[in-house]
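Please read the following note alongside the sequence and the model. The points are numbered so that each may be checked in turn.

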Amino acid sequence: MAVITLCSASGAPGVTTTAVGLALCWPRPVLLVEADPRGTSTVLAGFFQGAREYDGGLVELALSPLEISDALRDVVRPLVGQASFVAGTRSPAQAAGLRELWGRLSEALDDLESTGQDVIVDAGALGFPGSPEALLSLADVTLLVTRSHLPALFAARSWTDSMHRGGPAWQQPGLLLVGEGQPYSAREAGRLLGLPVVASIADDAEAAAVYHRGDRPPRKFAQGAYIRSLRAAAAAIGDRVTARREELLREVAP
């Protein structure tokens, strides 16, 4: 289907937690890439609670003498079920040294679609040295993750205003709203930021902690509002990619 990139403007709206949750609720095989420029593998330290050692990731990918597609296969690790991941860097200094990797990696990630695999990129917070700009601009969909309160929306607005003035060029930008209605609705958030809200994720700290730090799932976790919202978000993102591709086909049709 696609390469989907998640990012945030500031603070901690839950980009990584949402990326992990989406990967584990994704309807097809999916690869999660930890590209947060702030460093450290949140999947290893959080979801796996440090029980799995770092044994390869983006740094080894960047240093590999192999073709990027072959090198990528060497650093992919199983997550859960049909989801796998590539571990991020272990420090911000390492992330800053990966600038030349992102363009080459975006090509390799596009090629995964032919194998029936989708990609979710956790691009972390915008504006840091080593930010994966190529993965943001070349993804099929790039979603700015934000909460619905005013400080979060105004932080996001600094980036969306820049985008509307010809700044960062994302192919299909949109918003992923965490905690809709606290206090602003999806319509209000979209109007303020000038981008469509593609999906909303329920604000459930107890459920999110399963993906954030490997907590034990609460009772009826799989049937709860948080998981339902992740599944709905995965479907909405897929629909957006499909609609855009159909539109492009119509544009090139004779």
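1. The side chain of Asp 215 makes a polar contact with the side chain of Arg 213, at 3.1 Å. A polar contact is a pair of N or O atoms within 3.5 Å; within protein, one atom must be able to donate a hydrogen and the other to accept it, and residues adjacent in sequence count only if both atoms are side-chain atoms. The model is a predicted one, in which local features need pLDDT of at least 70 and side-chain atom pairs count only at pLDDT 80 or more, while totals for chains, interfaces and linings use all residues. Residues are numbered from 1 along each chain as its sequence is written, and side-chain values use heavy atoms, with hydrogens and water left out.

2. Asp 215 lies in the loop between H10 and H11. Helices (H or I, at least four residues) and strands (E, at least two) are DSSP runs, numbered from the N terminus. Because its relative accessible area is 28%, Asp 215 is classed as partly exposed; buried means under 20%, exposed over 50%, and partly exposed in between (1.4 Å probe, protein chains only).

3. Leaving aside residues up to four places away in sequence, Asp 215 touches Gln 49, Ala 209 and Val 210, where contact means heavy atoms within 4.5 Å. The C-alpha atoms of Asp 215 and Phe 47 are separated by 7.9 Å, although these residues are 168 residues apart along the chain.

4. How do the helices on either side of this loop meet? The axes of H10 (residues 205-213) and H11 (residues 225-252) come within 8 Å and cross at roughly 65°. Axes are lines fitted to C-alpha atoms, for helices over the stretch in contact, and angles run from 0 to 180 degrees between N-to-C directions. H10 contributes Ala 207, Ala 208 and Tyr 211 to the contact, and H11 contributes Tyr 226, Ile 227 and Leu 230.

5. Asp 118 is buried, with a relative accessible area of 0%, and its side chain makes a polar contact with the side chain of Trp 26 at 2.8 Å.

6. Helix H1 (residues 15-25) is mostly covered, with 10 of its 11 residues buried. Among them are Val 15, Leu 22 and Cys 25. Cys 25 counts as buried because its relative accessibility is 15%.

7. Cys 7 is also buried, with a relative accessible area of 0%. The structure holds 0 disulfides, a disulfide being a pair of cysteine sulfur atoms within 2.5 Å.
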